[in-house]
Amino acid sequence: MQGQLFTQDFLTRGVAETPPWRELTRDRFAEFTQALRDIFGRLDSESTLNEAQTETEVIQKVLVALNWGEDSLPQVNQSARR
């Protein structure tokens, strides 16, 4: 699954082993759902976000809403010179 944010195994099994998942309550799920509505509500089908903007405006905010904000690293771009 090259180029995917998460592996299939993590999404189907591993996520259930994370502390945020184990601590999920109905109220917390409702808060998460509202956070997703807020994040994606600012976007439309004509959005022209590039990859870096998507990471900042969507991915990082979703990870924070999942309580995974401190468990991620931003994408590192290599310089043109190697």
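Biologist: At which residue does helix 4 bend?
Modeller: This is a predicted model, where local features need pLDDT of at least 70, side-chain atom pairs count only at pLDDT 80 or more, and totals for chains, interfaces and linings use all residues. Residues are numbered from 1 along each chain as its sequence is written, and side-chain values use heavy atoms, with hydrogens and water left out. Helices are DSSP runs (H or I, at least four residues), numbered from the N terminus. A bend is the angle between axes fitted to the seven residues ending at a residue and the seven starting there. In helix 4 that angle is about 30°, and the residue is Ile59.

Biologist: Which residue caps the N-terminal end of helix 4?
Modeller: Look at the backbone nitrogen of Ala52. A side-chain oxygen lies 3.0 Å from it, and that oxygen belongs to Asn50.

Biologist: Which residues of helix 3 are buried?
Modeller: Buried means under 20% relative accessible area, exposed over 50%, partly exposed in between (1.4 Å probe, protein chains only). On the other side of helix 3, Arg26, Asp27, Arg37 and Gly41 are exposed. The buried ones are Arg28, Phe32 and Ile39.

Biologist: Which helix do the buried residues of helix 4 pack against?
Modeller: Those residues are Glu55, Val58, Val62, Leu63 and Ala65. Contact here means heavy atoms within 4.5 Å. Their partner is helix 3.

Note on methods. Helices (H or I, at least four residues) and strands (E, at least two) are DSSP runs, numbered from the N terminus. A polar contact is a pair of N or O atoms within 3.5 Å; within protein, one must be able to donate a hydrogen and the other to accept it, and residues adjacent in sequence count only if both atoms are side-chain atoms.
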